[in-house]
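Student: I'm new to this one. Could you pick a single part, take me through it closely, and then tell me about its surroundings?

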Amino acid sequence: MKLTLHIWRQKDRKSPGKMHKYQVTDVSEHASFLEMLDVLNEQLIEKGEEPVAFDHDCREGICGMCSLTIDGVPHGPDRGTTVCQLHMRHFRDGQTVYIEPFRAGSFPVVRDLVVDRSAFDRIIQAGGFISANTGAAPDANTLPISKGQADLAFDAAACIGCGACVAACPNASAMLFTAAKVAHMAALPQGQPERYRRVKAMVDAMDENGFGNCTNHYECVAVCPKGIPEDFIAQMNREYARASITKR
Ligand code: SF4
Ligand code: FES
């Protein structure tokens, strides 16, 4: 395959960025989108040009590092898929593709397609822990957790912290991400001691780090590669209201 790519290039946080046009050739339709960028970078290096910086780690849809906006959609055109799991067979030979970093005030561009998502870490630091002494890992079936609660916690734990929800939201809201973390631990017995302190601290951290509020567009749900549902946002709002009333 041969593609025309328009890619955001930016030297560092302070420099202004702009789109650059590239031609990439010899791309296999079986390659992933990141492997296509690897091919481009090899071709740029051969020409003595600076390769394009982009984030990645597991390349298996697990770590949440790959954070690209492809043709205006965080994680690209294939729903429920991270960029690393997106394959070139979803594109046509000769297609023009626009590639940008995730856009959100709380995710400043570090270089080219790499953004700083440490604001998510600060939300997790505010409340994403439990104080229960867990000791050595017990057998899973010795913990009295009902199937329904276990399934709920597992669904929420599927969030990989990629930040696509923030990039897609017109308010750059981190509600879906934060709600998944809150719901995960609120569903389990180990999460009960800090339950109310946690939701208040994480919502406060969300605000302090410049994320907007949810106004029910649900663009976050549409782009989430892990299918985190909007129900968790409603649950977080209920948890927050309960925490405010009980003052715990
Ligand atoms: S809620 Fe979905 S889109 Fe948002 S960080 Fe988690 S996995 Fe990514
Ligand atoms: S590189 Fe890990 S989820 Fe894409």
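**A close look at one helix residue**

Tutor: Let's start with Thr178, which is found in helix H5 (helices are DSSP runs of H or I with at least four residues, numbered from the N terminus). This is a predicted model, where local features need pLDDT of at least 70, side-chain atom pairs count only at pLDDT 80 or more, and totals for chains, interfaces and linings use all residues. Residues are numbered from 1 along each chain as its sequence is written, chains are lettered from A and ligands numbered from 1 in the order in which they are written, and side-chain values use heavy atoms, with hydrogens and water left out.

Thr178 has 0% relative accessibility, so it counts as buried (under 20% relative accessible area; exposed is over 50%, partly exposed in between, with a 1.4 Å probe and protein chains only). Setting aside neighbours within four places in sequence, Thr178 is in contact with Ile123, Met202, Met206 and Met236, contact being heavy atoms within 4.5 Å.

Helix H5 spans 175–186, and along with helix H4 (164–168) it supplies at least two residues of the shell around ligand 1. In that shell, 13 residues surround the ligand, and among the closest are Cys159, Cys162 and Cys224; a residue is near when one of its heavy atoms lies within 4 Å. The shell divides into 11 nonpolar, 2 polar and no charged residues; here Ala, Val, Leu, Ile, Met, Phe, Trp, Tyr, Cys and Pro count as nonpolar, Asp, Glu, Lys and Arg as charged, and the others, Gly among them, as polar.
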